[in-house]
Amino acid sequence: MNSILRCVGMTAVVLAYSLVATVANAQDDFAFWPNANYDPAIPTVDDVLGYSPGERITWHRDAIRYFEALVDAAPGRIPMTRYAESWEGRELIYVVVTSAENMARIEEIKAGMQRLADPRETTRAEAQDIIATQPAVTWLSYGVHGNEISSTEASMLTAYHLLASRGDARVADIMRDTVVVIDPMQNPDGRDRFVHHFEMSEGIVPDGDRISAEHDEPWPGGRTNHYLFDLNRDWFILTQPETRGRIKALLEWYPVAYVDAHEMGSDGTYYFAPEAIPYNPHLAADQRSSLTLFGQNNARWFDTFGIDYFTREVYDAFYPGYGASWPSYFGSIAMTYEQASARGLLFRQYDGNDLSYRYTVRNHFITSLGTAETVAVNRKKFLDDFYDYQVSAIDEGESDDIRSYILPTQADQPAANKLAGLLVQQGVEVGRASESFKACGETYAPGSYVINTSQPAKRLIRTLMDADVPLEDDFLAEQERRRAKNLPDEIYDVTAWSMPLMMNVRAVACNRTISGSFTNAGPEIVQPGAVTGGGGSVAYLVPWGTATAARFLSNALQQGLSVKSTDNAFTHMGTRYPSGTLILDVADNAENLSSVLAGLAATTGANIVAVDNSWVTDGPNFGSGRVVRFNTPKVAIAWDSPTSSYVAGNTRFVLERQFDLPITPIRTRRLASSDLSQYQVLILPETGRDQDYASVLGEQGTANLKDWVAKGGVLIGIGTANRYLADPNIDLLSIRRENAVNESDAEESASSGADGDDEPLEATVEGSYVTDEAQYRNLVAAEKDTPDPVAGVLVNADVDPDHWLGAGVAPTLKVLVRGTDIYTPMRIDKGVNVARFRGADELLASGYLWEENRKQLAYKPFVVVQKNGKGYVIGFTQDPNVRAYLDGLNVIFMNAIFRGAAHARPVR
Ligand SMILES: [Zn+2]
């Protein structure tokens, strides 16, 4: 049935859309599945929503309404599960579709997959018995990026087609041999943001012009969730509720195939597996070879329908935080599919083709069915492979060089606890020692965690815990070749993500399996703290240096407690307290202090020591001039252009959701003229691509910020925001951004002498002989270039413990370096380099870094602070809150917020 017929009886407005779309695009005149015979008792999308798939962009509530209609029309045949709720309160669901016979034993099927997932409980003979009658689970996920719209419509069509088809042998095979799980919308907040923008912008006909407002999403766009996270990077760090719910559901079902249906740029065609190199070396060989089975079946259907596609060129799965990679580490075959986006109802591509929404919907629908078909056809192979994956994981865990990881008890124990909890949430078995034990030449205290790799999750453990996951040599050689020619590299995302490094947790790799007295660690990421020590007649102390202490500080200040802090370490009753330790004097606080603190210890995880005298034997006394009193800082963050929405949103998330501190986002253009005097701290997040603060703020805005800082404000620049602060015309920071080192310049500058600016321009230049390749390279090199961009590596930075910004901070931090920006160190008469990168030989902690960048980053600043009047300007040259997964940088960032505000001297 073509789209014109479908529209009969609908409103004139919708009819007009379809007519235009159909006339403009003959390609659009198709049935979603030719000659299908559907059960009329199953409602179509049109029946429920009043339009056919692809005619409108479906809101979250309407997609849910459609799936509820399917549930109602086919009782017991398509059960729906709510697996999470978004920040904005929208429900995330999945439905399960399979034959009536399978549905009658669906719990047994689920249990069967769980048994296949653990060969320690299930012998090969038992596994074969299960596999003989076990359908394989296919998991289809849609719309993780909210502005990648077509997949949700495709999810409705897929569910309908599977449920309503009659007499279709292919559907019958799918229903018999697989259980299809459909997750129609992984990011409802982002999607509704997109739909809202689109509907606000559209007129009486869809406009294909790429520059029309309906295709031009205003900041922050619909890709991300409420806190502007890319949910397709969050899979192993689990900061967002959407991800946590999905991981939990996947570990109940263990699908053998997982598809994440995306959209890409609007001028492409369609992408499906096999994926691009580099592959993560921890994947199993058959996981890679099976990708081709899916690709070939999708290709067969695309050939039938005459649809263009490509494979292998982009979209690798090296980073484990994608939907197309994380499920691989429990043995699934995980893939991304990418449809060129109409980013609306109609898009005119550069070659003149009109890409209609309906067309994009159909393509995802076809590959959805093609994927389920591939699983059905290969049911036994995929189940065998899934079981074998677990067997080989355990075998490798017993024979590899690394057979266990130990997280010893450590100064930042809350970080170790959180890491253990995050691993458990992902299906890793973690033991917690109830007695001390010896392993690999060291004795470990009770409370240490042990992760033996001889378990099904071995490959996940290795990819998340190893200090480094190497890229393939061929791939690297090709990137170096490209770089030499000034071609962009093909590294898709960060090359370093080791969780112990990012969280600054000490983890010891050991070459043997550890046995001893262990209890299973649970999934909690915060362990309740406690009040210990004496009676608390004089004061309470909270040792600084952990995220839990910082969360305590934020909450204590908001509850009106009086909190002060030293900037130096001290000794009290024989115990050494780190610099930055919080002091709560009983005399300064209300009578119920002890009960308030007991509550805060439990909720924040902070450990509190009650003391009955103030006598300090070494270091400053509680009343010393080196003790500052905290205020409850009002914190604002620049919002909207020119900021990077990721960095603005993720920073806000860290402060609001990890440290319970409400902050005020202010649209950047407002900063130019607004009275900021009520704020103590203002954060300027990294800028978006090709954007800058100077042009948005203007001279008036810069003057306003300078005035506010001089009067006592704390201005914090993150990442590329420092280009603005360090611009010589702005000069809020006296550091300067560096060009790439030009080694030929360095040699020549001595001999060539200074070029006079006043010389007349010549029509010709001196001739020269070029005698080798290196000389040629110098001649064609860009005259003034930035360092080559870095996709993302972890590097070491050393902290100055003498400055309050470094109080309680670990001596060495792991910083994720990305992009091109390198700054000169701060001169000591201007300010302090509180954290600086290590020397070139000790710089790199994990990942692949260009040689020139490694040499140039050495000794350059990560965190600088400069006093300015009564206030401070603090620069973080790299983002400490990326994806909210650099927990190891929490303390220094919280110092910037809370200690910055405490040390500034505004007139109060
Ligand atoms: Zn996407």
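Student: Where does Pro274 lie?
Tutor: In this predicted model, Pro274 lies in the loop between strand E6 (270-271) and helix H12 (285-305). Helices (H or I, at least four residues) and strands (E, at least two) are DSSP runs, numbered from the N terminus.

Student: And which bond joins Ala273 and Pro274?
Tutor: A cis peptide bond, with omega at about 5°.

Student: How is the numbering done, and what are the limits of the model?
Tutor: Residues are numbered from 1 along each chain as its sequence is written. Local features need pLDDT of at least 70 and side-chain atom pairs pLDDT 80 or more, while totals for chains, interfaces and linings use all residues; side-chain values use heavy atoms, without hydrogens and water.

Student: Changing topic: which residues coordinate the zinc ion?
Tutor: His145 (ND1), Glu148 (OE), Glu148 (OE) and His262 (ND1) coordinate the zinc ion at 2.0 to 2.4 Å. Donors are N, O and S atoms within 2.8 Å of the metal (3.2 Å for Na, K and Ca); water is not among the atoms, so sites may look incomplete.

Student: Is His145 buried or exposed?
Tutor: His145 is buried, with a relative accessible area of 2%. Buried means under 20% relative accessible area, exposed over 50%, and partly exposed in between (1.4 Å probe, protein chains only). Glu148 is also buried, at 4%.

Student: What about Met573, buried or exposed?
Tutor: Met573 is exposed, at 63% relative accessibility. Its phi is positive, about 50°, although Met573 is not a glycine.
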